[in-house]
Amino acid sequence: MIQQSEVQRIGKIIKPHGVGGEMAVNVPAALEWTDDLDCLVCSMDGILVPFWVESIRDKSRTTLLVKFEGVDTVEQTSRFMGVTVYMPLRFIAE
């Protein structure tokens, strides 16, 4: 089980981006992560759940575009809307 002390809040999923399962994450400021980032953690029904990252890229200074493995349609992204996103501390660039 992932503990709150192992992650840092980075933002909130605000909307789907396109039709292929990509989602826009609103972040408070530009965020840097290590090259080996392979998962993000979402708060789902009060539980921290890891999701494997298929791709992640900057859209703007305050928006990231994230695609999780196995989330391939707009319909599948609906359960993520409004969800808080966390990054495991080991992936945050210093």
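A nonpolar core is a set of buried Ala, Val, Leu, Ile, Met, Phe, Trp, Tyr and Cys residues joined through side-chain atoms within 4.5 Å. Buried here means under 20% relative accessible area, with exposed over 50% and partly exposed in between (1.4 Å probe, protein chains only). The model is predicted: local features need pLDDT of at least 70, side-chain atom pairs count only at pLDDT 80 or more, and totals for chains, interfaces and linings use all residues. Residues are numbered from 1 along each chain as its sequence is written, and side-chain values use heavy atoms, with hydrogens and water left out.

**The core and its strands**

The largest nonpolar core has 24 residues, and those with the most contacts inside it are Ile13, Leu40, Cys42, Leu64, Phe68, Phe80 and Met87. Strands β1, β2, β3 (39-44), β4, β5 and β6 each supply at least two of the core residues, and β3 gives the largest share, four residues. Helices (H or I, at least four residues) and strands (E, at least two) are DSSP runs, numbered from the N terminus.

Let's follow strand β2 (residues 22-26). Four of its five residues are buried, so β2 is largely enclosed by the rest of the structure. Two strands count as paired if DSSP finds at least two bridges between them. Strand β1 (residues 7-17) pairs with β2 in the antiparallel sense over five bridges, and His17 has Glu22 as its bridge partner in β2. Four residues lie between the strands of this hairpin, where Gly18 takes a positive phi near 75°. β2 also pairs with strand β5 (residues 63-68), in the antiparallel sense over four bridges; here Asn26 has Thr63 as its bridge partner.

**A cluster of rings**

Rings of Phe, Tyr and Trp (its six-membered ring) pair if their centres lie within 6.5 Å; planes under 30 degrees apart count as stacked, over 60 as edge-to-face and the rest as tilted. The count comes to three aromatic pairs. Phe51 and Phe68 are stacked, at 5.2 Å centre to centre with 25° between the planes. Phe51 lies in strand β4 (residues 47-60) and Phe68 in β5, so this pair ties together parts 17 residues apart in sequence. Both Phe51 and Phe68 are buried. The ring centres of Phe51 and Phe80 are 5.1 Å apart and the planes stand at 75°, so that pair is edge-to-face. Ring pairs thus link Phe51, Phe68 and Phe80 into a cluster, and Phe80 is buried, with a relative accessible area of 0%.

Which residues does Phe68 touch, leaving aside its neighbours within four places in sequence? Phe68 is in contact (heavy atoms within 4.5 Å) with Ile13, Met23, Leu40, Cys42, Phe51, Trp52, Val53, Glu54 and Phe80.

**Charged pairs**

A salt bridge is a side-chain nitrogen of Lys or Arg within 4 Å of a carboxyl oxygen of Asp or Glu. The structure holds three of these salt bridges.

| Salt bridge | Distance, N to O |
|---|---|
| Glu22 and Arg57 | 3.0 Å |
| Lys67 and Glu54 | 3.5 Å |
| Asp72 and Lys67 | 2.7 Å |

Glu22 in β2 and Arg57 in β4 are 35 residues apart, linking distant parts of the chain. Glu22 is buried, with a relative accessible area of 13%, whereas Arg57 is partly exposed at 41%. Glu54, Lys67 and Asp72 are linked in a network of salt bridges.
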